[in-house]
Amino acid sequence: MNDAPLGWAGRLMDWLRFATRLVLVNVLFVAGVLAGLVVLGVFPAAVAATSVLGRLRGGAAGDTLVRDFITAYRFQFRHANRVGSVFWIAGAVLLLDFLALLGQTGTAIPPAAHAVLLALSTVAALGTVAAAATAVALCSRYRDKVARTWRTAFVLPLVSPVMSLSLLVTLAAAAAVFSGMTVLVPLVGASVPLLLSGWLVGKRLAGLEPAGTSPA
């Protein structure tokens with residue numbers, strides 16, 4: 001007997017229900033960011049959103065989605081901010097670096113050296129993005145020491161080039177879609193990238209876990 005009596009209509013309703021929950025997660029993410037005065041809210045909100053999205057992706061019911069998000073947000077608030085602090089610092093340094101490089105006149109730095117420095121800064125920025133996304137996924141699955149989380153977040157993308165490339169391409173594609181369809185940003189602008197990055201990193205982490213273990 002078919003588990004979905006309504007056939008394609010039932011599957012359509014499931015997709016619409018899932019899309020509605022993506023919108024709700026996006027709203028919760030924005031609320032979490034604002035509750036933390038932006039700087040202190042981004043990482044806890046991202047971790048909480050990734051956590052509930054992982055459960056939704058696994059087929060869990062979304063009836064307690066709001067409560068689960070709030071619980072994860074409060075539980076992870078301090079830890080996620082401690083983990084995220086290094087990425088805020090790295091982001092500020094990279095921003096200043098890009099501003100300095102792009103503001104240089106043609107005679108200040110030789111063109112060849114300028115191109116090399118710009119390329120290195122771009123690679124560092126991409127690596128930081130991949131590491132930050134990995135750190136969010138790590139915090140949503142495990143509760144580990146901050147230093148160990150940093151080490152894994154920076155090392156895992158280096159030793160997993162396929163994951164890193166897939167992650168960066170996915171985030172770039174999402175940014176391109178949202179830039180062309182800005183109406184989607186307030187609806188799923190955070191939940192979709194977090195859903196995809198959480199799935200990619202989580203799949204890699206699951207492959208590294210010993211058989212029979214499960215995330216905390």
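## Helices and loops

A helix here is a DSSP run of H or I that is at least four residues long, and helices are numbered from the N terminus. Leu37 sits in the loop between helix H1 (8-35) and H2. The model is predicted. How many helices and strands does the protein have? The secondary structure comes to 8 helices and 0 strands. Along the sequence the pattern reads α-α-α-α-α-α-α-α.

## Overall picture

The protein has 216 residues, and 36% of them count as buried. Its C-alpha trace spans about 75 × 40 × 35 Å along the principal axes. Take the contacts between residues at least 6 apart in sequence: 75% of these join residues at least 24 apart.

The protein exposes about 12500 Å². Carbon and sulfur atoms supply 72% of that area. As for charge, there are 16 positive and 7 negative side chains. The centres of the two sets lie 7 Å apart.

## The largest pocket

The largest pocket holds about 630 Å³ of space. Its lining is made up of 20 residues, and Val42, Val129, Ala132, Ala133 and Leu194 are the closest to the pocket centre.

Which helices each supply at least two residues of this lining? They are helix H2 (42-57), helix H3 (65-102), helix H4 (111-141) and helix H8 (191-208). H4 gives the most to the lining of the largest pocket, with 6 residues.

## Leu37 and Val38

Now return to the loop between H1 and H2, where Leu37 lies. Val38 is found in this loop too. Phi of Leu37 is near 55°, a positive value in a residue other than glycine. Phi of Val38 is near 70°, also a positive value in a residue other than glycine.

Is Leu37 buried or exposed? Leu37 has 68% relative accessibility, so it counts as exposed, the cut-off for that class being over 50%. Val38 has 43% relative accessibility and counts as partly exposed. That class lies between the cut-offs of 20% and 50%.

## Ser191

Ser191 belongs to helix H8. Buried or exposed? Ser191 counts as buried because its relative accessibility is 1%, and buried means under 20%.

Which residues does Ser191 contact, leaving aside its neighbours within four places in sequence? They are Leu22, Val25, Asn26 and Leu53.

## Asp144

Where does Asp144 lie? Asp144 is in the loop between H4 and helix H5 (146-159). Its relative accessible area is 28%, so Asp144 is partly exposed. Not counting residues up to four places away in sequence, Asp144 touches His79 and Thr149.

Ile109 is 35 residues from Asp144 along the chain. The C-alpha atoms of the two are separated by 44 Å.

## Val177

Val177 has its place in helix H6, which covers residues 161-180. With a relative accessible area of 41%, Val177 is partly exposed. Gly189 is 12 residues from Val177 in sequence. Their C-alpha atoms are 10.0 Å apart in space.

## In brief

This predicted model has 8 helices and 0 strands. Its largest pocket has a lining of 20 residues, to which H4 gives the most. Val38, Asp144 and Val177 are partly exposed.

Technical notes:
Residues are numbered from 1 along each chain as its sequence is written. This is a predicted model: local features need pLDDT of at least 70, side-chain atom pairs count only at pLDDT 80 or more; totals for chains, interfaces and linings use all residues. Side-chain values use heavy atoms; hydrogens and water are left out. Buried means under 20% relative accessible area, exposed over 50%, partly exposed in between (1.4 Å probe, protein chains only). Contact means heavy atoms within 4.5 Å. Accessible areas come from the Shrake-Rupley method with a 1.4 Å probe; for residues, only the protein chains shown count as cover. Lys and Arg count as positive and Asp and Glu as negative; His and the chain ends are not counted. The place of a charge is taken as NZ of Lys, CZ of Arg, CG of Asp or CD of Glu. On a 1 Å grid over the protein atoms alone, a cavity is a set of points where a 1.4 Å probe fits but cannot get out, and a pocket is an open set with protein on both sides within 12 Å along at least five of seven lines; lining residues have an atom within 4 Å of a point. Grid points are joined across faces, edges and corners, and a volume is the space filled by probe spheres set on the points.
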